[in-house]
Amino acid sequence: MATLRRLGEVPRHLLVCEKSNFGHEKSRHRHLVETHCHNYRVSFLIPECGILPKELKDLVMATGPYYFVKNLPLHELITYEFINTFVKKGSCYALTYNTNIDEDNTVALLPNGKLILSLDKDTYEETGLQGRPSQYSGRKAMKFSAEEATMMSYFSKYQIQEHQPKVVLRTLKDLQCPGLQSSELEGQPEAACSAGQLFDWLGAVFCNVDLNNEPDSFISTYCCPQPSTVVAKAYLCTITGFILPEKILGLLEHLCHYFDEPKLAPWVTLSVQGFADSPVSWRENEHGFRKGGEHLYNFVIFNNQDYWLQMAVGANDHCPP
Amino acid sequence: MPAPAATYERVVYKNPSEHHYMKVCLEFQDHHGIGLNTAQFKQLLITALKDLFGEVGAALPLDVLTYDEKTLSAILRICSSGMVRLWSSLTLLGSYKGKKCAFRVIQVSPFLLALSGNSRELVLD
């Protein structure tokens, strides 16, 4: 019986759903965006929109650049010169490239100046540093993001490349969108979908899943949560790379102002996915991979300045703040 | 009268997802393997479940949310209680119509949104 029970078990995962209003003094939206350091993918979805407004497009195109430095000895990150040139100015982020948090040594630099080293047992003993065991059980290539344009000249003796985030823009036609009420986080039967249902639906849209299956279909029975409406067109933008929280906050603030002029859309969404191999999720909370390494969040911005925020983490993560 | 601003509310759900999502890819040993359409692919999954877990396994609610015939890759949705059964069935499937093949599990998550991007696929050099 115990074996049968174990067959049905899955690693623990958490979904935090919050609702608030951007006008509230104590709204936590800024803090939560700013403390989620290593962001791989940012997407936003605007229903009833065929062309992206120019200011939003300019913001999207300005989310980079980030820098890739090969074979960088770690001691370069703790030199007086590096700390003065970049770290003290704030907004300097770094993460080792192509290291799996559950297998390899991983290093991350946070904007508050902290250097996080996630090391295997042998490396840890070699360094002679004092640390604590991971809660969940080099000469490295690193990717950087810093506000200063001097990054290229500072690391010129190593192989440094500048990269721009990849931007993909798509217009979706005849999209089934769930009906939501900003005051009803858990939905209302027949009247509004819940935050959890929206979160699933958003994943289906981003993954190009067919939303219109029959309940007796052999291939898939997935369909859009009800109640729903069909919108003639929707704009989907995805930015992939090493993206700063400051840029994400800029996008969020712009999307809040999307409704300054009357729009057909009742809400827009902004989703952010963190690097699966980052050693931290929010603030300095330890992050591990386990089976998925997911740590992501999503804003639903309503036309009355209310918002929902969903934060999702997997097994080897603390509860989001 | 416009509706009042929403009051702050926070709810933490532990293990809320009724389903788990898997991004998988079928690889044939011989690269000029046979093509499979969506229905044949789904039938292969059901066969894998049946081989290991019998009729009960084969009856697990399983959806092929997306399928790309060219790359033989798909996103699957399985009820959370059936995830271990599905994953182990995929691991132990060795052939299709006499040709050697293997399933590669690329990503797994209880959140479908997490499968829309894979940071381990970021290529910089």
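**Inside the largest cavity**

The lining of the largest cavity divides into 5 nonpolar, 5 polar and 4 charged residues, and because this is a predicted model, what you select here is computed rather than seen in an experiment. To find the place, select A:Pro11, A:Lys291, A:Gly292, A:Glu294 and B:Pro110, which among the 14 lining residues lie nearest the centre of the cavity.

**On to the second largest cavity**

Next, select A:Arg41, A:Ser43, A:Phe206, A:Ser271, A:Val272, A:Gln273, A:Leu296, A:Tyr297, B:Leu113 and B:Ser116, which line the second largest cavity, where about 60 Å³ of space lies. By class, this lining has 5 nonpolar, 4 polar and 1 charged residues.

Which strands of chain A each supply at least two residues of this lining? They are strand E2 (39-47), strand E11 (267-274) and strand E12 (295-302), and the largest share, 3 residues, comes from E11(A).

**A sheet in chain B**

Now turn to chain B and colour its open sheet of 5 strands, which has the order E3-E4-E2-E6-E5 with antiparallel pairing. Strand E3 (62-68) and strand E5 (95-96) of chain B stand at the edges, and each has a single partner strand, so one side of each is left without a neighbour in the sheet.

As a last stop, select B:Asp63 and look across to B:Arg77 in E4(B), which stands opposite.

Conventions
Residues are numbered from 1 along each chain as its sequence is written. Chains are lettered from A and ligands numbered from 1 in the order in which they are written. This is a predicted model: local features need pLDDT of at least 70, side-chain atom pairs count only at pLDDT 80 or more; totals for chains, interfaces and linings use all residues. Side-chain values use heavy atoms; hydrogens and water are left out. Two strands pair if DSSP finds at least two bridges between them. Helices (H or I, at least four residues) and strands (E, at least two) are DSSP runs, numbered from the N terminus. On a 1 Å grid over the protein atoms alone, a cavity is a set of points where a 1.4 Å probe fits but cannot get out, and a pocket is an open set with protein on both sides within 12 Å along at least five of seven lines; lining residues have an atom within 4 Å of a point. Ala, Val, Leu, Ile, Met, Phe, Trp, Tyr, Cys and Pro count as nonpolar, Asp, Glu, Lys and Arg as charged, and the others, Gly among them, as polar. Grid points are joined across faces, edges and corners, and a volume is the space filled by probe spheres set on the points.
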